[in-house]
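Please open the model in your viewer and follow the stops below in order. Each stop gives a selection and then what is found there.

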Amino acid sequence: MNILVVEDHDLLRHATVGMLCENGHNAQGVFRAEDVDEGHSLALPDLYIIDLNLPGEDGISLAKRLRRARPGAGIVIVSARSDLGDRLTGYKTGADIYLTKPFDAEELLAVINSIALRIKGSEDEVSCKLDTVRLTLHGPEREVSLSQSEVRLLVGLSQARDQVLGHALAASHLRLGDDATSRANLNVRLSQLRKKMSLAGAEEPTIRAVRGHGYKLCLKLHLS
């Protein structure tokens with residue numbers, strides 16, 4: 001599985017990633033929640049291992065928005081907090097499991113195998129499926145080809161809080177600047193992307209402008 005470890009403790013992050021790779025997984029680690037949005041060399045993760053006590057955005061907030069963006073992905077919360085209230089809060093994010101630190105490597109691997117079975121057997125009812133490798137969007141009507149920048153933008157929108165991105169970040173995903181000319185180009189590129197999504201059969205509206213802020217993805221995407 002493709003696994004992203006979100007852990008601010010350097011030694012623990014490196015040890016966990018190393019253990020996962022030794023056991024046949026494609027794993028990578030990041031230091032904070034915000035790094036999940038910046039992109040990384042790993043293919044789109046099948047499963048996220050998230051520490052609660054992160055600098056900046058905490059693990060609870062990250063788990064919630066990842067669950068909204070990717071209902072079929074695996075989410076494992078790990079924390080030194082062992083109180084029932086903390087565990088219940090973790091599960092309310094939609095996490096598959098809450099592991100208390102320190103945990104045994106064999107237990108984590110067993111959890112991952114269990115989640116892998118769930119992911120393999122699940123059939124999510126979604127509006128469209130975005131293939132981030134083949135750069136295609138499969139909708140109710142047909143499959144359409146996308147550019148790499150269009151895929152980056154859709155991934156960014158789907159994983160953002162409330163599926164909303166500001167103008168600057170949306171432009172960044174499309175490799176545009178943030179000046180007036182770039183803003184005009186951004187609107188053109190978004191119009192082209194909306195047409196492709198409509199061609200695939202996505203229900204309107206697909207992406208709408210949010211006055212004074214940016215853009216909102218108005219449908220659920222399954223990312224693979």
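Which residues are linked in a network of salt bridges? Select E7, D51 and K101: these residues form that network. A salt bridge here is a side-chain nitrogen of Lys or Arg within 4 Å of a carboxyl oxygen of Asp or Glu. This is a predicted model, in which local features need pLDDT of at least 70 and side-chain atom pairs count only at pLDDT 80 or more, while totals for chains, interfaces and linings use all residues. Residues are numbered from 1 along each chain as its sequence is written, and side-chain values use heavy atoms, with hydrogens and water left out.

Start with K101 and E7, whose closest N and O atoms are 2.9 Å apart. K101 sits in the loop between β5 (97-100) and α5 (105-121), and E7 in the loop between β1 and α1, 94 residues apart. Helices (H or I, at least four residues) and strands (E, at least two) are DSSP runs, numbered from the N terminus. E7 counts as buried at 3% relative accessibility. Buried means under 20% relative accessible area, exposed over 50%, and partly exposed in between (1.4 Å probe, protein chains only).

Next, select residues 2-6 and 26-30. These are strands β1 and β2, which pair in the parallel sense over five bridges; two strands pair if DSSP finds at least two bridges between them. I3 has A27 in β2 as its bridge partner. Between the strands the chain passes through helix α1 (residues 10-22), and this β-α-β crossover is right-handed: with the strands pointing away from the viewer, the path from the first strand over the helix to the second runs clockwise.

Move to K196 and E150, another salt bridge, with closest N and O atoms 2.9 Å apart. K196 belongs to helix α8 (residues 180-200) and E150 to helix α6 (residues 148-159), so the pair ties together parts 46 residues apart in sequence. K196 is partly exposed at 26% relative accessibility, whereas E150 is buried at 4%.

Finally, show the whole chain, which has eight helices and 12 strands. Its C-alpha trace spans about 50 × 35 × 30 Å along the principal axes. Of its 224 residues, 45% are buried. The salt bridges in the model number 11.
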